[in-house]
Amino acid sequence: MSNDKRPAYKRILLKLSGEALMGDLDFGICPDILARVAREVSELSRLGVEVAIVIGGGNIFRGAGMAQAGMDRVSADHMGMLATVMNALAMQDALEREGKFCRVMSALKINQVCEDYIRRRAVRHLEKGRIVVFAAGTGNPFFTTDTAASLRAIEMNTDVMIKATKVDGVYDSDPMIHPDARRYERLTYEEVLTRRLGVMDATAIVMCRDNDMPLRVINIFKEGDLLRLIMGENVGTLVERG
Ligand SMILES: Nc1ncnc2c1ncn2[C@@H]1O[C@H](COP(=O)(O)OP(=O)(O)OP(=O)(O)O)[C@@H](O)[C@H]1O
Ligand SMILES: O=c1ccn([C@@H]2O[C@H](COP(=O)(O)O)[C@@H](O)[C@H]2O)c(=O)[nH]1
């Protein structure tokens with residue numbers, strides 16, 4: 001890649017799949033994947049891109065699963081949100097080992113561990129070139145980290161929200177179940193909603209639609225794709241207004 005090329009985005013919100021962080025493990029965080037993702041994110045920051053991150057918690061705990069097994073849903077979701085705090089702290093550590101300044105900001109108050117989420121402070125961190133990792137989702141049960149990612153992208157006024165997950169875009173059916181599924185290069189929010197394309201929950205899509213936040217879905221396992229996207233290449237699937 002030539003050196004005179006400039007990033008296509010000034011500020012991004014990156015939603016990282018919690019589940020993807022476990023790699024081949026059955027549970028938890030694979031150190032190699034964590035380090036590799038941190039390296040890629042640091043590279044974007046070095047290019048001058050302001051990076052905000054939301055991490056899921058599926059590698060540790062999902063509330064809905066435990067609720068199905070009989071647990072109180074709100075308690076289960078509180079546990080799920082705490083799982084995202086663990087992932088956020090791990091990412092902060094990995095980014096600091098890359099020499100980057102990073103702040104974890106939690107939607108739930110645990111301020112001996114990380115900062116409370118305050119929008120204006122988060123914006124200031126970004127302006128100063130710090131990477132901000134938003135933890136504990138929206139702070140409310142019955143939501144997901146995808147919705148938290150849409151919310152924070154809108155609040156931070158990012159140029160794009162990027163969902164980095166286990167598949168390389170939005171397909172006409174779940175590619176993990178249907179190997180012959182076809183990938184879209186571009187879709188409208190309405191198409192995702194009316195075709196019930198399950199890559200992201202409907203609340204998150206509606207938030208992006210209502211606030212005109214472009215969404216990119218890319219594969220977290222494809223090394224270099226994030227950088228290519230930031231440098232303006234057509235990677236993954238773009239979801240935007242019609
Ligand atoms: N139409 C579709 N196109 C693409 N992926 C789909 C589709 N329908 C379902 N999926 C599934 O959605 C998954 C991504 O969303 P999911 O919410 O499961 O993970 P995540 O948000 O990346 O992880 P986490 O919740 O741990 O943060 C993909 O791995 C894929 O199997
Ligand atoms: O706003 C939120 C976000 C998340 N949760 C709980 O956390 C887990 C993990 O998040 P994923 O998006 O599934 O990775 C989720 O299952 C919920 O239990 C929440 O309650 N509110």
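Predicted model: local features only at pLDDT ≥ 70, side-chain atom pairs only at ≥ 80, totals over all residues.

1. Ala136 counts as buried, because 28 C-beta neighbours lie inside 10 Å and the cut-off for a buried residue is 20 or more. Its place is the loop between strand S5 (131-135) and helix H5 (145-156). Although Ala136 is not a glycine, its phi is positive, at about 65°.

2. Which other residue deserves attention in the loop between S5 and H5? Phe142 is found there, and its phi, near 75°, is again a positive value in a residue other than glycine. Phe142 has 13 C-beta neighbours inside 10 Å and therefore counts as partly exposed.

3. Two packed helices are described by the angle between their axes and the distance between the axes. For helix H1 (residues 31-46) and helix H3 (residues 73-97), the axes come within 9 Å and cross at roughly 60°. H1 is therefore oblique to H3. The crossing of H1 past H3 is right-handed.

4. On the H1 side, the contact is made by Leu34, Ala35, Ala38, Val41 and Ser42, and on the H3 side by Ala90, Met91, Ala94 and Leu95. By class, the residues of this contact of H1 with H3 comprise eight nonpolar, one polar and no charged.

5. Ligand 1 is surrounded by 19 residues, of which Ser17, Gly56, Gly58, Thr165 and Gly198 are the closest. How do the residues of the shell around ligand 1 divide into nonpolar, polar and charged? Seven are nonpolar, eight are polar and four are charged.

Notes:
Residues numbered from 1 in each chain as written. Chains lettered and ligands numbered in written order. Near = placed C-beta within 6 Å. Nonpolar A, V, L, I, M, F, W, Y, C, P; charged D, E, K, R; others polar. Axes fitted to C-alpha atoms, helices over the stretch in contact; angles between N-to-C directions. Helix = DSSP H or I, 4+ residues; strand = E, 2+ residues; numbered from the N terminus. Parallel < 35°, antiparallel > 145°, perpendicular 65-115°, else oblique. Left-handed = near helix turned anticlockwise from the far one by under 90°. Contact = placed C-beta atoms within 7 Å. Buried ≥ 20, exposed ≤ 12 C-beta atoms within 10 Å, placed from the backbone.
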